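Good morning, and thank you for coming. Please take a moment to look at the chain on the screen before I walk you through some of its features.

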Amino acid sequence: MGRRGTNALRAALAVLLLGVLAPPAAATGGARPRQVVSPQPLAYIVVDATTGTVLLADKPHDPHPPASTAKVMTALTAMERLAPDAMVAVSPLAAAQPASRINMVAGDQWPLADAMASLMMASANDAAYAIAETAGGGSLAGFQAAMTATGARLGMVDSTFADPAGFDDEGAFAGGPRMSAYDIAIATRNALTLPEITNWASMPKYEFIDPQGGQRSLTNHNKLLPGNSRGYEWATGYKTGYTDNAGHTLVATATRDGRTLIAVVLNTWDTYGWAVQLLEFGFATPNESGTGETLPDVAVSPLARRVADQQAFVAVARGADGTTAAGTPTTLAPVATTTPPTTAEAAAAPQGEAVDGTAIVAQQVEPEADDGGGGPGLFRPRNVALVLLALLIAFVMVRRRAVKRKRARRIARQRARSTMLRSGALPVVDGRYRTGTRTGPPVESHISVRRITD
């Protein structure tokens with residue numbers, strides 16, 4: 001579809017939305033209800049989650065305060081650095097964050113699953129800070145660097161990352177984030193591949209016991225989920241948001257007839273109405289009729305997946321039981337690094353090298369008494385000595401074979417000469433020297449002279 005056709009579709013959609021998104025205000029007396037038209041969002045986008053095709057968009061690359069939709073990026077970055085069974089430490093800073101909050105207590109350790117549920121379902125700001133500090137090596141600055149590295153690797157081009165909760169006021173960390181609808185769609189498309197995030201984004205209710213022994217019950221803030229007042233039959237998640245600066249924001253996912261779409265709506269009071277209309281438009285639009293723009297391929301690299309890949313690699317290298325030839329078990333340990341990976345390093349991650357600041361290193365657990373100790377891995381002195389000995393043996397064997405072949409050829413020539421002499425033949429010397437030499441006997445000709453007898 002050409003640019004003129006796309007513009008016509010956008011205009012038609014705008015007219016449709018202006019007609020549909022017009023809920024009546026409360027009537028007074030017998031007066032006719034006043035119609036309040038939903039304003040157009042500052043930016044929106046609807047994307048096919050499988051192919052990444054952008055089906056419809058308006059100002060998709062303009063960065064805006066995302067409010068709590070930034071927590072999708074917080075969750076995504078955390079899962080690249082924390083194992084699913086990790087414990088989240090609650091600092092005084094995290095515990096002091098304002099509502100929405102889950103009332104974490106400083107000094108507590110929360111299971112990552114419960115903290116992630118609080119983040120995605122209840123939009124808990126204290127959970128966002130606790131997760132960020134834990135995954136960022138104890139600091140928000142560390143997590144900001146991690147988000148920036150992750151965003152660059154996933155192909156985000158418009159955003160700056162800062163506050164993990166999405167705050168954007170004067171108290172926000174580093175001034176708060178700015179994200180485009182396009183980049184939020186990228187984050188959501190990657191998060192959809194991780195059950196550790198998506199299960200919570202789609203769950204209506206969840207109950208658990210907190211570290212203080214209190215009974216907790218969470219209700220998902222996303223009213224687009226089926227069964228809610230603004231429920232959409234095909235909705236499957238994802239994240240709501242609001243601040244004074246950002247206005248109402250929403251990223252929504254829906255699946256119909258095996259096709260999953262992502263809609264992002266930034267800054268309009270009726271985010272649900274706009275999301276439904278965008279999703280409906282998207283389901284009615286084939287990918288080939290999109291805008292021509294496509295999201296980057298999914299590239300998220302969760303820690304759990306990298307560890308599993310590393311264990312599989314070690315099992316193949318060490319044997320089916322995952323042990324060394326000596327029967328020593330091999331374990332894996334995450335090791336923090338400070339240098340963001342390159343694209344090539346990210347591509348090599350399944351072979352044991354992690355991405356975005358975490359390396360997975362195979363560590364062999366050695367016995368307490370090790371007569372050949374002294375260095376790690378393949379370069380232990382014992383291993384080096386064995387390699388040198390093997391090379392020496394191979395050299396000697398090759399040299400002996402060469403000497404034997406040379407001796408065999410000399411003996412063969414001597415025997416041939418003796419045979420000729422016994423038969424009365426005389427070897428002929430042609431008088432030439434070997435090329436490049438003037439010493440030694442002349443070259444023996446291959447011609448021999450035999451005496452003819454009557």
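Predicted model: local features only at pLDDT ≥ 70, side-chain atom pairs only at ≥ 80, totals over all residues.

Let me begin with a question: is Arg 230 buried, partly exposed or exposed? Arg 230 counts as partly exposed, at 36% relative accessibility, where buried means under 20% relative accessible area, exposed means over 50%, and partly exposed lies in between, with a 1.4 Å probe and protein chains only.

Residues are numbered from 1 along each chain as its sequence is written, and side-chain values use heavy atoms, with hydrogens and water left out.

On confidence, pLDDT is the predictor's confidence in each residue, from 0 to 100, and the protein chain averages 81, with 71% of the residues scoring at least 70. Over residues 324-376, however, the pLDDT is below 50, although this stretch has 96 contacts in the model beyond near neighbours in sequence, a contact being heavy atoms within 4.5 Å. For residues 1-5 the pLDDT also stays under 50, and there the model has 3 contacts beyond four places in sequence.

Side chains of opposite charge can pair when their charged atoms come close. By this rule the count comes to 7 salt bridges. One of them joins the side chains of Arg 230 and Asp 270, at 3.0 Å from N to O. This pair links distant parts of the chain, 40 residues apart, with Arg 230 in the loop between strands E6 (215-219) and E7 (235-243), and Asp 270 in the loop between E9 and H9; helices (H or I, at least four residues) and strands (E, at least two) are DSSP runs, numbered from the N terminus.

A second pair is Asp 48 with Arg 259, whose closest N and O atoms are 2.9 Å apart. Asp 48 lies in strand E1 (residues 43-48) and Arg 259 in strand E9, so the pair ties together parts that are 211 residues apart in sequence. Asp 48 counts as buried at 3% relative accessibility, and Arg 259 is buried too, with a relative accessible area of 18%.

The side chains of Glu 80 and Arg 153 form another salt bridge, at 2.5 Å from N to O, and both residues are buried. Arg 81 joins these two in a network of salt bridges.

Let me turn to the nonpolar side chains. In soluble globular proteins, nonpolar side chains tend to be buried together. A nonpolar core is a set of buried Ala, Val, Leu, Ile, Met, Phe, Trp, Tyr and Cys residues joined through side-chain atoms within 4.5 Å. The largest such core has 69 residues, of which Ile 45, Leu 76, Met 120, Ile 197 and Val 264 touch the most other members. A second, separate core of 21 residues includes Tyr 44, Val 46, Ala 254 and Phe 281.

If we follow Ile 197 and leave aside its neighbours within four places in sequence, we find contacts with Ala 75, Leu 76, Met 79, Met 120, Ala 191 and Tyr 238. Met 120 is also one of the buried residues of helix H4, a helix at residues 112-121 that is mostly covered, with 9 of its 10 residues buried. H4 is followed by Ser 123, whose phi is positive, near 55 degrees.

That brings me to the backbone. Most residues other than glycine have a negative phi, and most peptide bonds are trans. Which residues depart from this here? Among them is Ala 174, with a positive phi of about 55 degrees although it is not a glycine; Ala 174 is exposed, with a relative accessible area of 52%. Another is Asn 267, with a phi near 70 degrees, in the loop between strand E9 (259-266) and helix H9 (271-283). Finally, a cis peptide bond joins Ala 99 and Ser 100, with omega about 5 degrees, and Ser 100 is found in the loop between helix H3 (92-95) and strand E4 (109-111).

Notes
Salt bridge = Lys/Arg side-chain N within 4 Å of Asp/Glu carboxyl O.
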